[in-house]
Amino acid sequence: MGDQTAEAEASGLPKEYVEQIDEKSAALSAGRRKRKPAADHATVKDVKAYKATHTIPSLHAASPAGITSLALSKNDPNLFVTGGNDKIVQLYDRKEDKVVAGLKGHTKRVAQVALRESEAEGTPTLVLSASADKTARVWAHDSASGKYTPHTTIKTHKGEVTGLFVHPVSNLMGLSSLDRTYSIHDLTTLAPIFRSAVNEEAFTSAAVHPDGTLLGFGTPGSTVQIFDIRSGALAATLTPESTETPFTVSTLSFSENGYHLIAPGSASTVAVWDLRKQSRAASIDLGDSFKIKKLVYDVSAQFFGVAGNEGGRVYAHKTWEELVRFEEGGEMTDIAFGNLGLEVWGTTGREVRVWGSPQ
């Protein structure tokens with residue numbers, strides 16, 4: 001497929017996509033109310049005991065060095081994808097201890113990576129990336145050759161692409177940009193299906209609510225803006241108590257139960273927002289010297305991870321207790337929870353590090 005562009009559409013998503021989203025949302029929200037963490041999911045006690053278990057060094061180029069983003073496979077616990085300052089996207093197999101694919105094409109640093117995996121027969125695994133070069137790229141796995149090949153380059157945006165997410169309706173992908181718009185794309189047809197009207201502020205990060213009807217975007221003006229994906233309408237603005245020192249909301253994460261959202265409350269604090277009341281449920285001070293790089297909930301919403309210039313930390317949801325710190329690699333740019341929360345992964349420099357229960 002070739003390059004894709006899209007014009008702004010103020011009328012919302014096409015009807016057929018709204019129907020898909022509503023159907024998926026109804027199924028997800030109904031099931032979630034009854035859902036409890038899996039019996040073998042990691043507990044707070046487990047996380048407190050986590051130690052460094054594995055380090056994968058020398059990923060990406062030495063200059064400009066640094067991994068910027070990390071995404072773990074949900075289907076294969078050994079497979080992960082990284083984006084780097086070197087403009088490259090790498091797919092790595094921990095079991096084989098090798099780079100499976102080095103995907104080139106971006107002309108500036110990679111800001112975000114993701115995997116679109118589906119268990120539906122005939123649906124290829126896609127590697128997705130967003131870049132400061134104003135584009136997003138899609139690579140598809142070819143089952144015949146076993147290789148990942150370029151699928152399309154998305155040139156919808158006129159500013160840096162800052163955020164990327166795969167929607168619960170797995171054939172949809174969303175992007176956010178410094179051009180003050182966000183866009184939605186069909187991963188089956190690779191067609192752009194929606195581009196928002198121009199916002200008052202740029203979008204510096206993006207996330208999708210677990211039910212799929214709401215989108216969250218960070219801004220450089222300290223706020224989080226929540227939009228209805230179906231209509232494109234602004235549903236809520238979450239504003240910190242003090243904006244005397246403006247900061248950029250460069251990361252945010254919805255809890256799996258859909259009730260909470262975490263985002264920076266300042267450069268050094270985590271704000272936990274109750275979405276039902278649109279109010280702050282808690283504020284966690286990380287210390288004046290700590291600068292947040294990434295925030296993420298684990299899938300059970302029992303805890304969340306924080307990555308920053310002083311390493312990584314994990315906190316318990318509701319009690320807000322700090323459970324563990326990961327400081328071996330210094331500055332951590334991204335953090336992710338492995339299957340069942342049994343591992344925590346982080347990126348430090350050119351390394352991917354893994355923590356878990358001591359053997």
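This is a predicted model: local features need pLDDT of at least 70, side-chain atom pairs count only at pLDDT 80 or more; totals for chains, interfaces and linings use all residues.
Figure 1. Y182 and F217 form a stacked aromatic pair, with 4.7 Å from centre to centre and 25° between the planes. Y182 belongs to strand β13 and F217 to strand β16, so the pair ties together parts that lie 35 residues apart in sequence. Which residues do ring pairs link into a cluster with Y182 and F217? The cluster also takes in F194, F203 and F227. Across the whole structure, a search finds 13 aromatic pairs.

**Figure 2. The largest nonpolar core.** This core holds 18 residues. Which of them touch the most other members? They are L13, L172, Y182, I184, L215 and F217. Two or more core residues come from each of these elements: helix α1 (15-32) and strands β13 (182-186), β14 (192-195), β15 (205-208) and β16 (214-218). The largest share, three residues, is given by α1. Another core, of 16 residues, lies apart from this one, and its members include A42, F303, F326 and F337.

Figure 3. With neighbours within four places in sequence left aside, L13 is in contact with V18, I21, I184, I193, F194, I229 and R230. L172 is found in strand β12. Its relative accessible area is 1%, so L172 is buried. Under the same exclusion of sequence neighbours within four places, the contacts of L172 include Y17, I21, F165, V166 and H167. Further along the chain, I184, H185, D186, L187 and I193 are also in contact with L172. How far apart are L172 and I184 in space, C-alpha to C-alpha? The distance is 6.8 Å, while in sequence the two residues are twelve apart.

**Figure 4. Helix α1 and its two sides.** Helix α1 has 18 residues and reaches 25 Å from its first C-alpha to its last. That is close to the 26 Å expected at 1.5 Å a residue. Which residues of α1 are buried? They are Y17, V18, I21, S25, S29 and R32. These residues cover an arc of only 95° around the axis, which puts them on the same side of α1. An α-helix has 3.6 residues a turn, so residues three or four places apart point the same way. K15, E23 and A27, on the other side of α1, are exposed. The buried residues of α1 are covered by elements including β12 (172-177), β13 and β14.

Figure 5. Most residues other than glycine have a negative phi, and most peptide bonds are trans. What kind of peptide bond joins S63 and P64? The bond is cis, with an omega of about -10°. P64 lies in the loop between β2 (51-56) and β3 (67-72). K87 is not a glycine, yet its phi is positive, at about 80°. The loop between β4 (79-84) and β5 (89-93) contains K87. K87 has a relative accessible area of 36%, and this makes the residue partly exposed. D97, also not a glycine, has a positive phi of about 55°. The place of D97 is the loop between β5 and β6 (98-103). Is D97 buried or exposed? D97 counts as exposed because its relative accessibility is 52%, and the cut-off for exposed is over 50%.

**Figure 6. P264 in strand β20.** P264 lies in strand β20, which spans residues 260-266. With a relative accessibility of 6%, P264 counts as buried. Which residues are in contact with P264 when neighbours within four places in sequence are left aside? They are F247, V249, T251, T269, A271, I292 and L295. P264 and G216 are 48 residues apart along the chain, and 13 Å separates their C-alpha atoms.

**Figure 7. R276 and the ring of Y259.** Over the face of Y259 lies R276. The distance of R276 from the ring centre is 4.2 Å.

How values were computed
Residues are numbered from 1 along each chain as its sequence is written. Side-chain values use heavy atoms; hydrogens and water are left out. A nonpolar core is a set of buried Ala, Val, Leu, Ile, Met, Phe, Trp, Tyr and Cys residues joined through side-chain atoms within 4.5 Å. Buried means under 20% relative accessible area, exposed over 50%, partly exposed in between (1.4 Å probe, protein chains only). Helices (H or I, at least four residues) and strands (E, at least two) are DSSP runs, numbered from the N terminus. Contact means heavy atoms within 4.5 Å. Rings of Phe, Tyr and Trp (its six-membered ring) pair if their centres lie within 6.5 Å; planes under 30 degrees apart count as stacked, over 60 as edge-to-face and the rest as tilted. A charge sits over a ring if NZ of Lys or CZ of Arg is within 6 Å of the ring centre and within 35 degrees of the ring normal. The expected span of a helix is 1.5 Å times one less than its number of residues. The arc is that of the directions from the helix axis to the C-beta atoms.
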